[in-house]
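Me: I would like to learn how to read a protein model. Can we go through it feature by feature?

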Amino acid sequence: MKRNYFVAAAMGLMVSWQATAQQQFLADKYASTIKDTDLEEYLTYLASDELEGRDTGKKGQKLAAEYLSNFYQENGLEGPVNGAYTQPFSLTSVSWGDLELKVGKQNLVNNEDFVFIGDGDAKRTKTDLVFLGLASEENLAKVDVEGKFVGLWAIGQRANDLLDKIWEAGATGVIVVTMEGQANFDRLANRYKSLSGRGRLGFDKPTQQKPVYLVSSEKMASLFGKSVDELKEAAKSNPESIPTQKARYKIEKVKEMVSTENVMGYLEGTDKKDEVLVISSHYDHVGINSKGEINNGADDDGSGTVSVMEIAQAFATAAKEGNRPRRSVLFLNVTGEEKGLLGSEYYTDNPIFPLENTVNNLNIDMVGRIDYEYQDAENQDYVYVIGSEMLASQLKTIIEYNNITHTDLILDYRYDAEDDPNRFYYRSDHYNFAKHNIPVAFFFNGVHDDYHQPTDTVEKIEFELMQKRARLIFYTAWDLANRATRTPVDGSNDRGER
């Protein structure tokens, strides 16, 4: 009896080893189909001038969606949206027609003297402008803001923290000092001026009568007839000493509906097909700038999008050869990332597959370049991995195991720090999955001088390095899709808001 037990145990170990060896063999076989030449071919089209920077809702984004849909169909992947490869939805483009702001005898000019960042739709209205100084319970007790515009010194404080208390106190509008120095403000105003014809894209929401204007410290001081130093001192200790000013404002809001779509291809799994692994990128970019120059977005995020395409093709090839993964895999290219992670927000609010069955999200956003930190390094084979142990510590271990076994990249976790000033964890599409307690990993090459510039072009992409990064993500995805159990959630997604 004892002998039979050991024989059975030995046979079990052999079968387990053979199964593991077989999976490793298959992973190597299909990872090898991810080629730098294919990545270059796909990216040469997606980042071409023909697509005009793939701005959300525009011609180039539509062409990219068609290209991706055709690719998934040609590779035998399913269209999971009732047979279709796109998930269409509408956004609202909000722009501003006539914006007026007059304080005393000063007529302020939009995107020169002020930048409008609030919401509202109001005919010409007269009001009083009072100076609150710093937003605090103490100053709110000193200054009556109800029914009035409020001048606010906000340097060094988060805007949302400042404004909530003021609206609760009954203010009808806010004028905020945004930063020290007229030159810094002028740069901000010029950026808004260059974007003023585009409108802000977002989900349609009822208009809130909450006008918020940004001005420089010099302009705020002039509104109250003071020097900057005098106004600073009053902001700290004596805001009620600043006389009330007469003001007048007008806000003309213009709304236009914009259609866009997420694109996806789906591969059904075998015995664990109800569980879904999502591999994502965003395929939109920022379009054409005010000078008429095309922002091609080769790295951001053409590189991530073509990586998803190659990984999808590798899985599809495996399925055609009878090696379908155990879990299902959704290849998701989202729109509207550059406008505020809108496409991934729409998907997670309207999932094609239940979020409780979504085991992981591997998000790929900028993996084609070498950043400032590594530009002079002897070994430039690196990738930043962000968020991999935030919700499931096992996910980081799985990525590291596959890297050691197959790709030997430097896995850099510097942007995983809680105090990372860049806040990259909150700035790409994985974050909308993490908010729903789905373990995520974000693969990223860091920023460079061509970020959001017309110079982010195909000829600057490091295709061999991108191939290695894409293969690491494939190996990780293959592992996650075929392992016995899904990665357990053992962390917290409470890491603050974006």
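Me: Over the ring of which residue does the charged end of Arg469 sit?
Reply: A charge sits over a ring if NZ of Lys or CZ of Arg is within 6 Å of the ring centre and within 35 degrees of the ring normal. Here the charged end of Arg469 sits over Tyr382, 4.8 Å from the ring centre. Arg423 lies over the face of Tyr426, at 4.3 Å from the ring centre. One caution: this is a predicted model, where local features need pLDDT of at least 70, side-chain atom pairs count only at pLDDT 80 or more, and totals for chains, interfaces and linings use all residues. Residues are numbered from 1 along each chain as its sequence is written, and side-chain values use heavy atoms, with hydrogens and water left out.

Me: How many aromatic pairs does the structure hold?
Reply: A pair of aromatic rings is described by the distance of the centres and the angle of the planes. Rings of Phe, Tyr and Trp (its six-membered ring) pair if their centres lie within 6.5 Å; planes under 30 degrees apart are stacked, over 60 edge-to-face, and the rest tilted. This structure holds 32 aromatic pairs. Take Tyr426 and Tyr431: their centres are 5.1 Å apart, with 70° between the planes, so the pair is edge-to-face. Tyr426 and Tyr431 are both buried (under 20% relative accessible area; exposed is over 50%, partly exposed in between; 1.4 Å probe, protein chains only). One aromatic cluster includes Tyr374, Tyr382 and Phe444.

Me: Which residues of α2 are buried?
Reply: An α-helix has 3.6 residues a turn, so residues three or four places apart point the same way. Helices (H or I, at least four residues) and strands (E, at least two) are DSSP runs, numbered from the N terminus. In α2, the buried residues are Asp38, Leu39, Tyr42, Leu43 and Leu46. They cover an arc of only 125° around the axis, so they lie on the same side of α2. That arc is taken from the directions from the helix axis to the C-beta atoms. Thr37 and Glu41, on the other side of α2, are exposed.

Me: Against what do the buried residues of α2 pack?
Reply: They pack against α3, α9 and α13 (contact means heavy atoms within 4.5 Å).

Me: Which residues have a positive phi or a cis bond?
Reply: Most residues other than glycine have a negative phi, and most peptide bonds are trans. Arg54 has phi near 50°. Arg54 lies in the loop between α2 and α3 and is buried, at 1% relative accessible area. Leu341 has phi near 55°. Leu341 is in the loop between β11 and α10, and is buried at 2%. The peptide bond from Asp300 to Asp301 is cis, with omega near -15°. Asp301 lies in α9.

Me: With which side chain does His448 make a polar contact?
Reply: A polar contact is a pair of N or O atoms within 3.5 Å; within protein, one must be able to donate a hydrogen and the other to accept it, and residues adjacent in sequence count only if both atoms are side-chain atoms. The partner of His448 is the side chain of Asp299, at 2.7 Å. His448 is buried, with a relative accessible area of 5%.
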